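Please keep the sequence and the structure in view while reading the points below.

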Amino acid sequence: MSYKEERSKRTAWMMNDRLGLFIHWGLYAIPAIGEWKQSYERIDTKDYKKYFYEFNPVDYDPVQWAKTAARAGMKYAVLTAKHHEGFCLFDSAFTDFKSTNTQCKRDLVREYVNAFRAEGLKIGLYYSLFDWHHDDYPHYGDLYHPMRDNEAYKNHTYDFSKYLAYMHNQIRELLTNYGKIDLFWFDNSYGNMVGEVWKATELVTMMRALQPDIILNNRLEVNASSRGSIDTEKPSAFSGDFVAPEQIVPPQGICDDSGAPLPWEANCTMNNNWGYVTGTANYKSAKTLIRKLVECVSKGGNLLINVGPDARGNIPAKSIEVMNRMAQWMTKYSDSIYGCTRSSFAKPEWGYYTQKDNTVYAHIFEQCIGPIPLQIPTDRIKSIHNMYDFSEVPIVRPWTTQLFPDYTFVNFGNPPQATFELTDEIDTVLKIELET
C-alpha cells in the first residue's frame, strides 16, 4: 500500500466526521489574558510558577464537556495535554510541572479521555513542540521564548538532546497510558526548529509503532502557513496526515501537487482567543460557525472549533450558548455534513453544495429574486426535498427562466417566479437525489 493510500485509510473517519472541538486549557486560564502571556510579558519560570500553585479547577466536569460537544454535532476533540508554557495536564513521570502536583491533584487528561470516549467521540491530544518551562529548551535568541532577549540568558547553557528525550518520553507516555488515541496535534515548527531538529522520523516511527492508526497533523515539519512535503510525490516520514490551516478557510480547499484533494482541517477560535480571556464579547455566532463548517465541507475539509475553559474548569457560558444553537441546526441537517465532501457541481452564488455519492445538498444562505437556480441538469435530478420538514420542492419553469435553459429552477412560490422562502435563517438545506 502506498503512503497516500495509507494516509487515506487513516484519515477516513476524520474526513467523514468533519466537525471537532479544540480545547485550550492550562495555567494561562488564571491570568485570563491569553495563552501567550508568559512570552509577551517576558515572565521567567520562577515568577510564572505562581499560577501553578494557584491552579485548582474545582468545577472541571469533562463528562459535561463531552455531552455538550456531542450535542453540538462534534465527533472528535483535541485537548492541550501540554501547551507552550510547559505545564502538563497529565501525570507525567518526567516532570513535576503537572496537574497532579497542583491543588487539584488530578490527571486531567485521563478524565478527559475517559469522558469523551464514553460519549462516543474520537480522542485527540495536542502537544507543544516548544516549551518555556524546560531548562534545556533554547532561551536567548529563540523566536518565542520569554527569555529570548534577556541578556542574563545570553550565555545560558543547555543540552537540547535532554529536551528531545523529555519530549519523546512524554509523547510515549501519552500514547501508552491512555488507551487508543485517534489524533495527535503538534504545535508548532518555526524558523530553524523544524523536522529532524525534533528527531521527527524517530518520533513518528515510535508513535506509529505504539498507535498504528493514529492521525498526525503536518506541524512537525512546518507551521500553520505551509503544507510541507505532504503535497508532493515523496512526502517525508513526518509530513503528517492532514494540513492544519489556522484562523482561515482555504479559498479553494487544499490539493497536492497533482491536483488531488488533501485531507485538511481548519482550526479557529470562537472568540478570537485560544485560552480563556475575561471581558471579551467578540464571539462568532452559531450562524457564522455553521456556515464556515458548510464552506469547509464543500471544499473537502473539516472545522475544529476552539473553546477556552476558565481556571475553575468551566467552558464559558457564551461558548455553551453558541454550541447549543449549533446543536439545534445539526439535529436537522447533520446528514448534509457527515460523510459529505466537495460537489461535482460548481459553487452557486447563493451558498454552497456538499455531496455524498448521488445526493447533493444545496445550502442556501440568502434569498434570490425569484426561483432558486441550481447548476444541475434537470434530467439528472430524481427528487428534491427541503430537509427542514422533508417537504417536496417542485421544479418550476416560469417564463422568467427561459434565458437560462442549462439551469434547473426550484420554488415553493405561487406564482412560480415568486421569491423562494427560506425556512432556516442560518442555512436552508435542500436534499437533491440524483438519478444513478
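**Aromatic pairs**

- The count comes to 34 aromatic pairs, where rings of Phe, Tyr and Trp (its six-membered ring) pair if their centres lie within 6.5 Å.
- Helices (H or I, at least four residues) and strands (E, at least two) are DSSP runs, numbered from the N terminus.

**Basis of the description**

- This is a predicted model, in which local features need pLDDT of at least 70 and side-chain atom pairs count only at pLDDT 80 or more, while totals for chains, interfaces and linings use all residues.
- Residues are numbered from 1 along each chain as its sequence is written, and side-chain values use heavy atoms, with hydrogens and water left out.

**The five-stranded sheet**

- An open sheet of 5 strands runs in the order S8-S9-S15-S11-S12, with antiparallel pairing; two strands pair if DSSP finds at least two bridges between them.
- Strand S8 (351–356) and strand S12 (391–392) stand at the edges with a single partner strand each, so one side of each is left without a neighbour in the sheet.
- Helix H10 (residues 286–298) packs on this sheet, touching S8 and strand S9 (359–364), and its direction makes about 55° with that of S8. Contact means heavy atoms within 4.5 Å, and axes are lines fitted to C-alpha atoms, for helices over the stretch in contact, with angles that run from 0 to 180 degrees between N-to-C directions.
- Strand S11 (residues 381–386) pairs with strand S15 (residues 428–434) in the antiparallel sense over 5 bridges.
- Within S15, Leu434 stands opposite Ile381, and Lys431 stands opposite His385.
- S11 also pairs with S12 in the antiparallel sense, over 2 bridges, and Glu392 in S12 is the bridge partner of His385.
- S11 and S12 form a hairpin with 4 residues between them, and Phe390 in the turn has a positive phi of about 60°.

**The three-stranded sheet**

- Another open sheet has 3 strands in the order S10-S14-S13, and the pairing is antiparallel.
- Strand S10 (372–374) and strand S13 (395–396) stand at its edges with a single partner strand each, so one side of each is left without a neighbour in the sheet.
- S13 and strand S14 (residues 408–410) run antiparallel and are joined by 2 bridges; Phe409 in S14 is the bridge partner of Val396.

**Helix packing**

- The axes of helix H6 (residues 62–71) and helix H7 (residues 108–118) come within 8 Å and cross at roughly 40°.
- H6 and H7 are therefore oblique to each other; angles under 35 degrees count as roughly parallel, over 145 as roughly antiparallel, 65 to 115 as roughly perpendicular and the rest as oblique.
- The crossing of H6 and H7 is right-handed: a crossing is left-handed if the near helix is turned anticlockwise from the far one by less than a right angle, and right-handed if clockwise.
- In this contact, H6 contributes Pro62, Val63, Trp65, Ala66 and Ala69, and H7 contributes Glu111, Tyr112, Ala115 and Phe116.
- By class, the contact of H6 with H7 has 8 nonpolar, no polar and 1 charged residues. Ala, Val, Leu, Ile, Met, Phe, Trp, Tyr, Cys and Pro count as nonpolar, Asp, Glu, Lys and Arg as charged, and the others, Gly among them, as polar.
- H6 also packs with helix H11 (residues 317–333) at an angle of about 40°, their axes 8 Å apart.
- Thr68, Ala69 and Arg71 of H6 and Ile320, Met323, Asn324 and Ala327 of H11 make that contact, which has 4 nonpolar, 2 polar and 1 charged residues.
- H10 and H11 pack at an angle of about 50°, with their axes 9 Å apart, and their crossing is right-handed.

**Backbone details**

- A cis peptide bond, with omega about 25°, joins Asp187 and Asn188.
- Asn188 lies in the loop between strand S4 (183–187) and helix H9 (200–210).
- Ala32, a residue other than glycine, has a positive phi near 60° and lies in the loop between strand S1 (19–23) and helix H3 (37–40).

Notes
Phe/Tyr/Trp six-rings, centres within 6.5 Å; stacked < 30°, edge-to-face > 60°.
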